[in-house]
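These are my notebook entries from going through the structure shown below. I took up a few local features one after another.

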Amino acid sequence: MKRFIKGVNKGAKQTGKLHNPGFAGLLMILLGLPTQGWADNLQTQAQAQAQSQVQTPEPKAAQVEPSKAELASFREVGRGEMDWWFITLYRARLLTPDGSYQPNSFPQQLEIQYYRDIPASRLLEATKHQWLHLGYDREQISAWLALLKGLWPDVEQGDRLSFVANGPQQGYFLFNDKPLAAIAIDESASSEHKRFANAFLAIWLSERGSRPQLRAQLIGEQACKC
């Protein structure tokens, strides 16, 4: 955004030079084009575009202190393991206040315990591929990944990364049961931004997900000896 504003300011300065006829100004005059009106119009359009960009809020990461009593009351709905070829990467659990799963019913907690060391960059890349598989817009995916970049740590064997969705719009992350950050969505944000929590959970819970067996285990339709 700073780069964009800088470019707009630079463009505005350049258009202002047309008021003092140099080579560009003389060329406009020779072509019979109105220099003053053209420059003012271009500068007005640039300012309007910059203002519209500033007024579009993005998802934000913020510190959060969740209710420990609330988390302690959550009951497991189901669990399953994520395999890649012959390697088991992690165990996932889905938890809700009453231990049952209903789509679009909140709060929901997704907990992932890793069996292997995985750098944050690979976690982000895997998340990107899953969102692409689910059909989300590439521009929106880029915005969500920018939000998560620098937020997720590298994970080591035994680490737990959890996401608690308070609703379809927002939730918060925990790392080894300690508050990591919240996803705070401004009410004036676009509808796509407000879908972050739903989109993140959809990686595991959507019927269009890439791991139908893992989904069935998480929502309690199949058992997993794990």
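**Entry 1: the disulfide.** I began with the torsion about the S-S bond of Cys224 and Cys226; it is about 140°, so the disulfide is right-handed. The model is a predicted one, and in it the sulfur atoms of Cys224 and Cys226 lie 2.3 Å apart. I then searched the whole structure for disulfides and found one. Next I looked up the accessibility of each partner. Cys224 has a relative accessibility of 23% and therefore counts as partly exposed. Cys226 has a relative accessible area of 24% and is likewise partly exposed. Both values fall between the cut-offs, since buried means under 20% and exposed means over 50%.

**Entry 2: helix 6.** I asked which residues of helix 6 are buried. In this helix, residues 138-148, they are Gln140, Ile141, Trp144, Leu145, Leu147 and Leu148. These residues cover an arc of only 150° around the axis, which means that they sit on the same side of helix 6. I then examined the face turned away from that buried side, and there I noted the exposed residues Arg138, Glu139 and Ala146.

I also inspected the two ends of helix 6. Just after the helix, I recorded a positive phi of about 85° for Gly150.

**Entry 3: helix 5 against helix 7.** My next question was at what angle helix 5 and helix 7 pack. For helix 5 (residues 120-134) and helix 7 (residues 196-205) I noted an angle of about 95°, with the axes 9 Å apart. The range from 65 to 115 degrees counts as roughly perpendicular, and helix 5 and helix 7 are therefore roughly perpendicular to each other. I listed the residues that meet between them: helix 5 contributes Thr127, Gln130, Trp131 and Leu134, while helix 7 contributes Phe196, Ala199, Phe200, Ala202 and Ile203.

**Entry 4: Gln109.** Finally, I located Gln109 in strand 4, which spans residues 108-114.

Terms used. Residues are numbered from 1 along each chain as its sequence is written. This is a predicted model: local features need pLDDT of at least 70, side-chain atom pairs count only at pLDDT 80 or more; totals for chains, interfaces and linings use all residues. Side-chain values use heavy atoms; hydrogens and water are left out. Buried means under 20% relative accessible area, exposed over 50%, partly exposed in between (1.4 Å probe, protein chains only). Helices (H or I, at least four residues) and strands (E, at least two) are DSSP runs, numbered from the N terminus. The arc is that of the directions from the helix axis to the C-beta atoms. A disulfide is a pair of cysteine sulfur atoms within 2.5 Å. Axes are lines fitted to C-alpha atoms, for helices over the stretch in contact, and angles run from 0 to 180 degrees between N-to-C directions. Angles under 35 degrees count as roughly parallel, over 145 as roughly antiparallel, 65 to 115 as roughly perpendicular and the rest as oblique. Contact means heavy atoms within 4.5 Å.
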